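User: I would like to learn how to read salt bridges in a protein model. Could you walk me through it?

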Amino acid sequence: MRPPRQLPGPVGLALATCRAVVLGIGLNLGAAQAGPTAPAASQATPAPVLVWAPLQAQPGGGLQRLALPWALLGAAPGAGVESVQVLDAKGQVLPSAWAGPPPDGQSRREATVPLWAWPEAAGAQPSDAARSLDIELDEQGRVRRLQTHSRAQPPAGAAAPGSARWLLDLSALRHPGERPLDLLLDWAAASGGQALTVQLQASDDALHWRPLRSAQLLDLPAAAAAPALQLRRIDWPADQPLPPYLRLQFETPVQLHTVTLSAESRQRPDLATESLAWRPEAPQAGEAPRWRLDLPLPLRPEALRVRLPALNQLLSLRLEQRQQDGQAWQPVQQFVAWRMQRGGVEGQSPAEPVQAAPARQWRLVAQGPVPAELAQGALSLEWLWRPPQLVTLLPADPAQLAGLRLQLGAPAPGPGHLALQTLMPGYQPGSEYQLPEARPGAAQVQAAPAPPPAWEDPAARKRWALWAVLGVSVLGLAGLAWRLKGELGSPPPPRA
């Protein structure tokens with residue numbers, strides 16, 4: 001007959017507790033030491049390097065702006081954006097902040113508008129005059145002359161009597177991307193001053209007119225107690241484009257001399273261009289050819305231009321991105337790159353605008369047939385981008401300014417970058433691009449300094465302290481078990 005199972009005594013409980021404590025603490029320490037999973041051999045992290053460049057600042061120091069060149073960023077693979085630092089001659093990190101997107105440039109131009117006095121038949125109503133008026137246009141749609149059935153009307157430059165209606169030819173003054181601002185009228189005012197009301201009418205064909213707006217004009221000479229007062233400018237409606245033809249209708253006849261159009265255009269800042277070779281990836285069986293670009297920092301292009309090596313080639317591509325190895329590739333957009341001859345003239349596809357967030361890794365995947373010389377080789381592209389801009393506060397001491405440097409890839413990140421509103425009190429969007437510009441010199445690459453000894457690392461000291469606590473706990477539990485075993489003696493033999 002099998003003896004009944006006995007419950008563990010105090011010694012067994014102590015030993016079991018000792019084993020549980022050792023196992024639990026060992027598992028926790030093992031997990032803490034292991035940390036994140038190490039990358040595979042194919043995803044090995046590049047050896048850390050420290051990249052720096054001398055910084056040529058403007059005299060006087062203060063807030064200055066600098067652009068990070070591609071050569072500096074490309075020389076520090078694996079560096080983080082937090083490692084970009086500006087150091088003074090003593091090696092102290094200076095306060096800095098990342099600049100916002102650059103504002104569009106603005107340009108203003110003025111142009112004299114061709115104008116004609118609108119011919120009016122004596123005693124005729126405006127509707128009758130419109131039906132009896134012939135407007136002759138040239139091939140570009142510009143007004144050549146106005147005439148009624150009885151006479152032709154010369155341009156306003158010639159001596160002509162005043163007219164209550166005037167035709168303005170704007171067909172040659174319209175430009176894409178421009179916004180009309182106002183019209184400045186110059187007329188022969190009466191000696192005692194004049195107040196006018198004018199109606200603006202727009203037309204696309206010089207035949208059918210629609211109301212645009214009305215305006216009040218004023219020309220008062222100086223008096224004994226008051227200066228001269230002139231109001232000759234008409235603001236253009238913000239929601240209305242510039243029509244090909246405009247008609248001004250006054251309440252009384254007016255002799256117009258000139259009309260000047262003011263317009264404003266916005267110009268995007270110029271883009272920097274970098275010629276890059278995207279390395280081919282080894283495709284799996286049945287996969288399309290693909291090319292990859294790894295960047296040290298999350299960046300994005302404003303546009304990409306593919307440089308095909310031979311004439312009469314076409315390549316359909318899909319652009320993808322991701323932040324790091326192990327993540328899924330996210331599609332961005334599709335486009336077609338070509339280089340071909342048409343009608344004896346060689347042409348190529350323009351730069352393709354890119355609308356995407358910054359990323360560290362970019363990839364192009366072929367979507368159709370690929371020329372044999374491209375399937376296994378690198379793909380040449382032009383990366384059109386705006387280099388990151390850094391705003392920093394520089395010392396005023398000339399000796400400190402002489403030893404400035406821009407550093408990237410420091411083993412231990414320095415103080416974090418400030419918010420731009422903190423570094424620039426009273427900040428307005430785009431005001432950082434009015435600051436003087438400091439210029440980095442040639443990049444210098446050196447091996448990153450060795451990490452500090454283990455006993456200087458707070459995390460390492462914490463691990464060693466945990467191991468010490470574990471050892472003391474194990475010894476204490478073992479002594480307790482030995483003492484209990486001695487006090488209780490040997491257990492009695494089992495009954496038959």
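Analyst: Happy to! A salt bridge is a side-chain nitrogen of Lys or Arg within 4 Å of a carboxyl oxygen of Asp or Glu. Keep in mind that this is a predicted model. Here, the side chains of D294 and R279 form such a pair, with N and O 3.1 Å apart.

User: How do I read the exposure of D294: what is its relative accessible area?

Analyst: The general idea is a scale with two cut-offs: under 20% is buried, over 50% is exposed, and values in between are partly exposed. D294 has a relative accessible area of 37%, so it is partly exposed. R279, with 41%, is partly exposed too.

User: Are R292 and E281 buried or exposed?

Analyst: Both R292 and E281 are buried.

User: Which residues are linked in a network of salt bridges?

Analyst: Both pairs we have looked at belong to that network: its members are R279, E281, R292, D294, R318, E320, R322, D325 and R363.

User: How many salt bridges does the structure hold?

Analyst: There are 22 salt bridges in the structure. One of them joins the side chains of E264 and R179, at 3.0 Å from N to O. This pair links distant parts of the chain: E264 is in strand β17 (residues 256–267) and R179 in strand β11 (residues 178–187), 85 residues apart.

User: And why does E264 count as buried?

Analyst: Its relative accessible area is 15%, so E264 falls under the 20% cut-off.

User: Now the wider view, please. How many helices and strands does the protein chain have?

Analyst: The protein chain has seven helices and 30 strands. Of its 496 residues, 34% are buried. Looking at contacts with a separation of 6 or more, 79% are between residues 24 or more positions apart. The chain's accessible surface comes to about 28,800 Å², and carbon and sulfur atoms account for 56% of that area.

Methods
Residues are numbered from 1 along each chain as its sequence is written. This is a predicted model: local features need pLDDT of at least 70, side-chain atom pairs count only at pLDDT 80 or more; totals for chains, interfaces and linings use all residues. Side-chain values use heavy atoms; hydrogens and water are left out. Helices (H or I, at least four residues) and strands (E, at least two) are DSSP runs, numbered from the N terminus. Buried means under 20% relative accessible area, exposed over 50%, partly exposed in between (1.4 Å probe, protein chains only). Contact means heavy atoms within 4.5 Å. Accessible areas come from the Shrake-Rupley method with a 1.4 Å probe; for residues, only the protein chains shown count as cover.
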